Amino acid sequence: MGFCTVQSPIDGIFVLTMASSDGHQYLTDEAIGDLIASLTAVRDTPGLRGLVTTSRLGSFCDGVDHDAAGQPDEQVAARVGEVVRLLLEMPAPTAAAVNGDATSLGLALALAHDHCVVWEGAAVALPEARRRRPLPGYVAALLRDKVAYARLRKLLMLRAEACTGKELVGTWYSANDPAAADREVVAAEACELLEGIEVGSGKNYATARQAMWPESCAAVGMEITRPRRPSSPEQILHVRLTVQSFPS
């Protein structure tokens, strides 16, 4: 069985579930390859209305297991950057159903989604500072784009302190308020959230995402282009509806 399974419990909305035998959902070379293949398949599916990413047991994703032998950190970070780019280029809204801890590059994976439904007991952290390991530039960019308070960004990135899902609400632009009390319903709440979003043209939706979070998009090599000024009332209304589907 691979790292990812993909199902569509609601027409057009896909749920990608990560699972590893140890419950950490570490981003091994095999796991990253499976994520890239699964996200690419979802992206290319006709009629796509949304993507939810979650995990089966244990953590949401604990990023890289630095104690295990494998590729150099730089190569792993670059490949995870491909995953982040696929999420940012997804032609439909995305939601991370964070039903367990999200640490290291696992937190970057969650931040790369448009919305996050977070279990109140989930811990999020970037332990690399404590381990004196560098983080790729897209992690800092995602934090600046998605986390409202500089103090929280400092605690996460420079002091390697952990925060709970309950503490994140109100400080994280994409975190759904309130945090979920029951971890078993997090994925269902994320699906319900996406089901209520009116999805227009995939091209326009991706363009709106780039306008909202240009630094994160640029950090993973996406070409940032300024959208053309709408020329008709219908086009103006479509752009407004697309941008309103993003968290404020």
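A residue is called buried here when its relative accessible area is under 20%, exposed when that area is over 50%, and partly exposed in between, with a 1.4 Å probe and protein chains only. The structure is a predicted model, so local features need pLDDT of at least 70 and side-chain atom pairs count only at pLDDT 80 or more, while totals for chains, interfaces and linings use all residues. Residues are numbered from 1 along each chain as its sequence is written, and side-chain values use heavy atoms, with hydrogens and water left out.

Starting with the overall picture, the protein has 248 residues, and 49% of them are buried. Its secondary structure comes to eleven helices and eight strands; these are DSSP runs numbered from the N terminus, with helices (H or I) of at least four residues and strands (E) of at least two. Contacts are pairs with heavy atoms within 4.5 Å. Taking those between residues at least 6 apart in sequence, 74% join residues at least 24 apart.

What about the cysteines? A disulfide is a covalent bond between the sulfur atoms of two cysteines, and the working cut-off is a pair of cysteine sulfur atoms within 2.5 Å. The structure holds zero disulfides. For Cys-4, the closest cysteine sulfur belongs to Cys-61 and sits 9.9 Å away, which is too far for a bond. Cys-217 is another buried cysteine, with a relative accessible area of 0%.

Now for the sheets. Strands of a sheet pair through backbone hydrogen bonds, either parallel or antiparallel, and two strands are taken as paired if DSSP finds at least two bridges between them. Five strands line up as an open sheet with mixed pairing, in the order E1-E2-E3-E4-E6. Strand E1 (4–10) and E6 are its edge strands, each pairing on one side only. From one strand to the next, the twist averages 20° (axes are lines fitted to C-alpha atoms, for helices over the stretch in contact, and angles run from 0 to 180 degrees between N-to-C directions).

Within this sheet, strand E4 (residues 94–98) runs parallel to strand E3 (residues 50–55), and three bridges join them. Thr-53 has Ala-96 of E4 as its bridge partner. E4 also runs parallel to E6, this time with four bridges, and Val-98 is partnered by Val-118 in E6. Five of the five residues of E4 are buried, so the strand is largely enclosed by the rest of the structure. Both faces are covered, with Thr-94, Ala-96 and Val-98 buried on one side and Ala-95 and Ala-97 buried on the other.

A second open sheet, also mixed in its pairing, has three strands in the order E5-E7-E8. Here the edges are strand E5 (102–103) and strand E8 (163–164), each of which pairs on one side only. E5 pairs with strand E7 (residues 123–125) in the parallel sense over two bridges, and Ala-102 stands opposite Val-124 in E7.

Ser-55, in strand E3, counts as buried at 5% relative accessibility. Its side chain makes a polar contact with the side chain of Asn-99 at 2.9 Å; polar contacts are pairs of N or O atoms within 3.5 Å, where within protein one must be able to donate a hydrogen and the other to accept it, and residues adjacent in sequence count only if both atoms are side-chain atoms. A polar atom of the Ser-55 side chain also lies 2.9 Å from the backbone oxygen of Ser-59. Leaving aside residues up to four places away in sequence, Ser-55 touches Thr-17, Met-18, Gln-25, Phe-60 and Asn-99.

Asp-114 lies in the loop between helix H3 (105–111) and strand E6 (115–118). This residue counts as buried too, at 0% relative accessibility, and its side chain makes a polar contact with the side chain of Arg-209 (2.8 Å).

Among the helices, helix H5 (residues 137–146) is mostly covered, with eight of its ten residues buried. Those buried residues are Tyr-138, Val-139, Ala-140, Ala-141, Leu-142, Leu-143, Asp-145 and Lys-146.
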